[in-house]
Amino acid sequence: MAVFSGKPKETWAEYLSNLPTLFVRSIFRHNYPNNDVDRSEVVFKNFFLHFHPVKCHKHSLDPFTTLGLGTMTACLFLILTITGIILMFYYIPTEDRAYTIMKDWQDTTPFAQLYRNMHRWSAHLMVLFVFLHMARVFYTGSYKGMRRFNWVIGVILMFLTLLLSFTGYLLPWDQLAFWAITVGTNIAGYVPNLPGFEYNVNKVMLLASTNVGQDALIRFYVLHVAFLPLLAGTLIGVHFWRIRKDGGLARPPDKFRPDPYRVVQRSDTRESFAPGVKRTYGLMELVRGTCPTVDKGPYNFVFTWPHLLRAELVAFLLVLVLVLGLSFIDAPLEEPADPSKPTNPSKAPWYFLGLQEMVAYSAFWGGVAAPAGIIIGLMLIPYLDRNPHGEGIWFHRSRYFAIFLFTAFMTWQGLLIIIGTYFRGANWGWVWPWTENFARH
Amino acid sequence: MPKYRNSLNIDSDDKDPKISRRSFLALMGVGACLIGVAGMANVSILGYLYPNAMKIPPMVFSLGRPEEVLSRDGKLFYAPQKVFIETRSGKVRVQTAICTHLGCTVHMVPTGYACPCHGSTYDRHGKNTGGPAPLPLVYYDVYKGASGDIMVDKSKTTLDWDKAWYPQTA
């Protein structure tokens with residue numbers, strides 16, 4: 001009678017023939033994801049994929065639901081991190097060297113200009129995509145219900161993106177950089193001072209002095225390369241994590257929801273082939289419902305591998321092609337910083353021209369009160385909008401007033417940016433874009 | 001903890017709405033410690049970022065020998081100190097060129113001064129006439145230093161454009 005007496009010891013020949021498989025299996029703890037089990041395992045056993053859900057709803061994968069804007073923003077942050085670290089190998093944050101290093105990159109260092117261009121245009125695109133992503137989330141009503149606080153985190157991330165851009169364009173220490181620091185820190189100086197401090201504490205904390213110089217440059221450098229990216233990276237992690245914990249991307253309720261049904265045995269698991277085992281249950285997560293569903297995923301859900309990952313890859317490649325294409329345009333570098341004389345007109349990058357236009361009316365109201373009001377107002381949107389309808393639906397009819405208000409706000413900001421870009425000339429005076437003395441920044 | 005993992009046998013204490021005195025006091029104690037630590041961290045970081053010794057350029061600077069300075073005529077921009085030096089018939093007065101709005105450097109235009117950053121305008125005495133500038137451009141005190149040089153003290157300012165002249169005749 002054949003008695004099972006343990007697994008026979010494998011010979012060296014067998015061991016060596018199995019070694020490649022063993023080695024691959026020691027790295028990847030799952031097989032190639034060509035079946036449902038491994039499609040699950042590839043997501044939750046892989047460190048780099050495990051922030052994804054194992055399955056996601058078909059509605060979320062529709063390119064017209066999200067337009068991929070959030071993913072593209074995250075891809076840009078990734079590109080910015082990588083190119084930024086590459087640029088750090090040469091950059092020195094000193095008044096007398098920062099500018100010449102940037103200038104020399106054009107001639108002395110292969111690909112340095114490429115990386116600088118990529119970094120520059122990715123930053124501009126990231127600001128743009130953050131705004132577009134915010135508009136998408138608003139117009140699809142995706143900040144409602146469980147997702148309220150994720151909108152707040154998103155607004156903080158938008159603010160951090162703007163701060164990262166601001167601290168970033170100071171580093172070349174050209175005219176743009178110098179006068180941006182001067183104006184930016186003077187705006188901070190309009191924030192009320194703490195009692196007992198000789199100089200405005202907000203300004204001194206940024207400048208380490210009362211005027212712009214070397215001490216300010218190193219502070220903005222540290223903010224740009226360490227403090228703000230770490231903070232933004234952490235919050236991006238929380239932002240993603242909350243998407244999953246809040247039940248995936250916002251979507252309208254399914255129109256057709258078949259009842260879950262039970263089956264006795266799972267056919268697609270390895271465990272089902274084990275002798276003597278008729279049922280295996282793996283409790284992966286607790287979900288709300290009236291009866292447990294076995295051997296049947298939620299209706300309309302598909303596996304992340306390959307559907308979501310493929311969509312993300314497409315988004316990443318699109319962004320990369322866009323950035324590489326824009327990188328044929330050299331990132332601008334103005335004259336070296338001249339502390340005695342700003343250029344005329346002295347214009348910020350496009351995303352701050354709305355702010356510059358507001359500041360040109362009043363420093364405190366346009367530079368401190370209005371931006372603070374805008375940020376706080378945006379954060380409060382999910383708590384002020386009590387309309388429960390339209391979650392995950394573009395331009396839901398019942399939200400006409402909210403959509404009108406938000407569109408009016410965005411149009412106002414867009415108009416300010418257009419005015420600042422095309423209708424402001426020497427001494428910030430009004431010019432028509434078609435006149436000859438129009439100075440483009 | 002429930003008795004069985006993944007079971008719905010909820011611990012009876014789990015739904016107790018009241019916090020026990022012991023827990024409350026412990027929370028208060030831990031909270032006070034955390035607030036204290038956060039306060040100390042805040043104060044130390046604030047202090048660290050606000051140094052006691054800052055590189056602030058000297059408030060007093062020299063214009064040069066009187067015979068040179070007073071012999072000129074006209075208004076010129078002195079870049080290192082960002083001031084306008086106006087000399088007329090043996091008298092000199094010094095006016096700041098830093099816009100009172102957000103610190104850009106103004107420049108001379110036929111009507112007075114204009115700022116390139118946000119469009120503040122001033123008349124030829126430095127009075128703010130338009131744009132976002134909240135205050136006029138001040139004049140600095142000019143005096144004769146111990147070395148005989150004509151000195152400017154940026155910490156003493158005046159808005160009176162007649163009294164800003166050095167030497168005062170009246």
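Reader: In chain A, what percentage of the contacts with a separation of 6 or more is accounted for by residues 24 or more positions apart?
Author: The model is predicted, and its chain A has a secondary structure of 15 helices and 2 strands. Buried residues make up 34% of the 441 residues in this chain. Among the contacts in chain A with a separation of 6 or more, the share that comes from residues 24 or more positions apart is 73%.

Reader: Why is α13(A) described as roughly perpendicular to α15(A)?
Author: Helix α13 (residues 350–359) and helix α15 (residues 400–422), both of chain A, pack with their axes 7 Å apart and at an angle of about 90°. Because angles of 65 to 115 degrees count as roughly perpendicular, that angle makes the arrangement of α13(A) to α15(A) roughly perpendicular.

Reader: How many nonpolar residues are there in the contact of α13(A) with α15(A)?
Author: From α13(A) the contact is made by W350(A), L353(A), G354(A), Q356(A), E357(A) and M358(A), while α15(A) contributes Q413(A), L416(A), I417(A), I419(A), G420(A) and T421(A). By class, these residues divide into 1 charged, 5 polar and, as the number asked for, 6 nonpolar.

Reader: Which element gives the largest share of the side of chain A that touches chain B?
Author: Between the two chains, 32 residues of chain A are in contact with 23 residues of chain B. The side of chain A that touches chain B has 16 nonpolar, 14 polar and 2 charged residues. Two or more residues of that side are given by each of α9 (175–189), α10 (201–207) and α13 of chain A, and the largest share, 5 residues, comes from α9(A).

Reader: Which strands stand at the edges of the open sheet in chain B?
Author: The open sheet has 6 strands in the order β1-β10-β9-β4-β3-β2, with antiparallel pairing. At one end of that order, β1(B) pairs with strand β10 (residues 150–158) of chain B over 4 bridges, and in β10(B) the bridge partner of V60(B) is D153(B). Each edge strand has a single partner strand, so one side of each is left without a neighbour in the sheet, and the strands in this position are β1 (60–64) and β2 (74–78).

Reader: How many residues of strand β4 of chain B are buried?
Author: Strand β4(B) is joined by 6 bridges to the antiparallel strand β3 (residues 83–88), with V94(B) as the bridge partner of I85(B), and by 2 bridges to the antiparallel strand β9 (residues 139–144), where Y139(B) is the bridge partner of Q95(B). The hairpin of β3(B) and β4(B) has 2 residues between the strands, and S89(B) takes a positive phi near 40° there. Strand β4(B), which covers residues 91–96, is mostly covered, and of its 6 residues the number buried is 5.

Definitions and conventions. Residues are numbered from 1 along each chain as its sequence is written. Chains are lettered from A and ligands numbered from 1 in the order in which they are written. This is a predicted model: local features need pLDDT of at least 70, side-chain atom pairs count only at pLDDT 80 or more; totals for chains, interfaces and linings use all residues. A residue is buried if 20 or more other C-beta atoms lie within 10 Å of its own, exposed if 12 or fewer, and partly exposed in between; C-beta atoms are placed from the backbone. Two strands pair if DSSP finds at least two bridges between them. Axes are lines fitted to C-alpha atoms, for helices over the stretch in contact, and angles run from 0 to 180 degrees between N-to-C directions. Angles under 35 degrees count as roughly parallel, over 145 as roughly antiparallel, 65 to 115 as roughly perpendicular and the rest as oblique. Two residues are in contact if their C-beta atoms, placed from the backbone, lie within 7 Å. Ala, Val, Leu, Ile, Met, Phe, Trp, Tyr, Cys and Pro count as nonpolar, Asp, Glu, Lys and Arg as charged, and the others, Gly among them, as polar.
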